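The following exercises concern one protein model and are each followed by a worked solution. Please examine the sequence and the structure before reading on.

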Amino acid sequence: MSESVRRRDDQAAEEAARNEPLARLEEITKVYRTGEVETLALNGVSLTIEEGEFVAVMGPSGCGKSTLLNILGMLDAPTAGHYWFRGQDIAGWPERRLARLRKGHVGFIFQSFNLIDELTVFENIELALLYLGMSKAERRARVEAVMERFGIAHRARHRPSQLSGGQQQRVAVARALVAEPDLILADEPTGNLDSVQGQEVMEMLKELNEEGATIVMVTHSPAHAEWAKRIVHLFDGRIVSENLLEAVS
């Protein structure tokens, strides 16, 4: 293949990706097997996530919410079905290739913060950049900028155990954002916070979405779900309803 043909094909692929939604699941099934026991976690789920959306996923415990988030975040592979991310069907990709894609394109915010106690705030945030080939100066500039944005710059040398729950979640949000990902996945981001701290986190997520970030959030809280633009309800591994709504002002 000539270089000009290769460039033309690459440009066509890029154009096709721009016309695609950010993420699209088609008939996704996920079965977990333990010995002779099979558990059907997702059963034929189809879901589209457009650029700039804020989607809340709700449902009872065990309905498949976390499994859905793990598949969207490329932490788990579907048993069957297709997952299109930026125009590429990645459902059958090997883990090493998925890991490269995940590091540069997906940010995670967890209920339990998932910060490393032995590292400082600065180091916890920088960790998200270490495998992206950035220079030390660029990493420092990005970390300092995101710490300043979320009001934790004065805590740069503190360790997670020296922070309140709200401050730890601010660090977790900063870590999720520092690599400027295409997709932010939040798994019960207010679950371990009091009402005031939870409100602060939701305000941060809303601000990020207004700036163009695409967010998918799992939550048990109807009040927090209403900060989103769309609510997806799961039950027994299936999507049973979707509701469009105006985000909280």
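**Exercise 1.** Determine which residues Arg102 is in contact with, leaving aside its neighbours within four places in sequence.

*Solution.* Contact means heavy atoms within 4.5 Å. On that criterion, and with neighbours within four places in sequence left aside, Arg102 is in contact with Gly73, Met74, Leu75, Glu95 and Phe108. The model is a predicted one, in which local features need pLDDT of at least 70 and side-chain atom pairs count only at pLDDT 80 or more, while totals for chains, interfaces and linings use all residues. Residues are numbered from 1 along each chain as its sequence is written, and side-chain values use heavy atoms, with hydrogens and water left out.

Arg102 lies in helix α3; helices (H or I, at least four residues) and strands (E, at least two) are DSSP runs, numbered from the N terminus. Relative accessible area under 20% defines buried, over 50% exposed, and in between partly exposed (1.4 Å probe, protein chains only). Arg102 counts as buried because its relative accessibility is 13%. The buried residues of α3 (residues 95–105) are Leu98, Ala99, Leu101 and Arg102, and they pack against β4 (80–85) and β6 (106–110).

**Exercise 2.** Which residues touch the most other members of the largest nonpolar core?

*Solution.* A nonpolar core is a set of buried Ala, Val, Leu, Ile, Met, Phe, Trp, Tyr and Cys residues joined through side-chain atoms within 4.5 Å. The largest has 40 residues, of which Phe54, Ile125, Met147, Phe150, Ile152, Leu205 and Leu208 touch the most other members. At least two residues of this core come from each of β3 (54–58), α4, α5, α6, β7 (183–187), α7 (195–210) and β8 (214–218). Apart from it lies another core, of 31 residues, among them Leu25, Val57, Leu98 and Val218.

Now take one member. Not counting residues up to four places away in sequence, Leu205 touches Phe54, Ile109, Pro189, Ile215 and Met217. Leu205 is one of the buried residues of α7, and what covers those residues includes β3, β6, α5, α6, β8 and α8 (222–225).

Met204 is also found in α7. At 7% relative accessibility, Met204 counts as buried. Its contacts, with neighbours within four places in sequence left aside, are Phe150, Arg170 and Val173.

**Exercise 3.** What is the volume of the largest pocket, and which element gives the most to its lining?

*Solution.* On a 1 Å grid over the protein atoms alone, a pocket is an open set of points with protein on both sides within 12 Å along at least five of seven lines, whereas a cavity is a set where a 1.4 Å probe fits but cannot get out; lining residues have an atom within 4 Å of a point. Grid points are joined across faces, edges and corners, and a volume is the space filled by probe spheres set on the points.

The largest pocket has a volume of about 440 Å³. Of its 16 lining residues, Val106, Phe108, Leu127, Ala128 and Arg175 are the closest to its centre. β6 gives the most to the lining, with 4 residues. The structure also holds 1 cavity of 30 Å³ or more; the largest cavity contains about 50 Å³ of space, and its lining includes Met74, Tyr83 and Leu98.
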